[in-house]
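This briefing sets out selected features of one protein model, grouped by topic. Please read it alongside the sequence and the coordinates.

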Amino acid sequence: MINKELLNIMACPFCKNDLKLENNELHCTNPECLCRYLIEDDIPIMLIDQAKRPCPKCGSQRDWVEEKDLLVCPKCNTRLVYNR
């Protein structure tokens with residue numbers, strides 16, 4: 001599993017908020033983001049395009065629009081901008 005010291009310095013690649021460990025995933029604590037990153041063979045997969053990205057309004061999987069740096073919900077059109 002993830003070392004607690006490592007978890008304390010890790011942040012969501014999308015919104016830079018804290019992460020919490022739940023089962024075999026890292027969950028973003030930002031209620032507008034909610035990205036979830038899988039852990040495979042004790043290695044967190046911290047890529048936005050491979051994350052689970054549930055919409056906070058309707059629960060649908062949001063799409064990552066890389067060229068515009070957005071997460072967009074195809075169902076309710078909720079948008080969240082990626083700030084580098």
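Setting aside residues up to four places away in sequence, His 27 touches Asp 18, Leu 19, Lys 20, Glu 22, Cys 35 and Arg 36. The model in which these contacts occur is predicted.

**His 27**

- His 27 has its place in strand 2.
- With a relative accessible area of 13%, His 27 is buried, because the limit for that class is under 20%.
- The side chain of His 27 is joined to the side chain of Glu 25 by a polar contact of 3.1 Å.

- Four strands form an open sheet in the order 1-2-3-4, and the pairing is antiparallel. Its edge strands, strand 1 and strand 4 (43–44), each pair on one side only.
- Strand 1 (residues 19–22) and strand 2 (residues 25–28) run antiparallel and are joined by four bridges. Glu 22 has Glu 25, in strand 2, as its bridge partner.
- Two residues lie between the strands in the hairpin of strand 1 and strand 2, where Asn 23 takes a positive phi near 55 degrees.
- Strand 3 is joined to strand 4 by two bridges, and this pair also runs antiparallel. Opposite Glu 40 stands Ile 43, in strand 4.
- In a regular strand, side chains alternate between the two faces of the sheet.

**The nonpolar core**

- The largest nonpolar core comprises 19 residues, and those with the most contacts inside it are Cys 12, Phe 14, Leu 19, Cys 33 and Tyr 37. Strand 2 and strand 3 (36–40) are the elements that give two or more residues to this core.
- Leu 19 touches residues that include Leu 7, Met 10, Ala 11, Cys 12, Leu 26, Tyr 37 and Met 46, when residues up to four places away in sequence are not counted. His 27, Cys 28 and Thr 29 are also among the residues that Leu 19 touches.
- In soluble globular proteins, nonpolar side chains tend to be buried together.

**The cysteines**

- Zero disulfides are found in a search of the whole structure.
- Cys 12 takes part in no disulfide: the nearest cysteine sulfur, that of Cys 33, is 3.8 Å away, whereas a disulfide requires the two sulfur atoms to be within 2.5 Å. Cys 12 is buried, with a relative accessible area of 0%.
- Cys 73 is likewise in no disulfide, and its nearest cysteine sulfur, that of Cys 58, is 3.4 Å away. Cys 73 counts as buried, at 1% relative accessibility.

Note on methods: Residues are numbered from 1 along each chain as its sequence is written. This is a predicted model: local features need pLDDT of at least 70, side-chain atom pairs count only at pLDDT 80 or more; totals for chains, interfaces and linings use all residues. Side-chain values use heavy atoms; hydrogens and water are left out. Two strands pair if DSSP finds at least two bridges between them. Buried means under 20% relative accessible area, exposed over 50%, partly exposed in between (1.4 Å probe, protein chains only). A nonpolar core is a set of buried Ala, Val, Leu, Ile, Met, Phe, Trp, Tyr and Cys residues joined through side-chain atoms within 4.5 Å. Contact means heavy atoms within 4.5 Å. A polar contact is a pair of N or O atoms within 3.5 Å; within protein, one must be able to donate a hydrogen and the other to accept it, and residues adjacent in sequence count only if both atoms are side-chain atoms.
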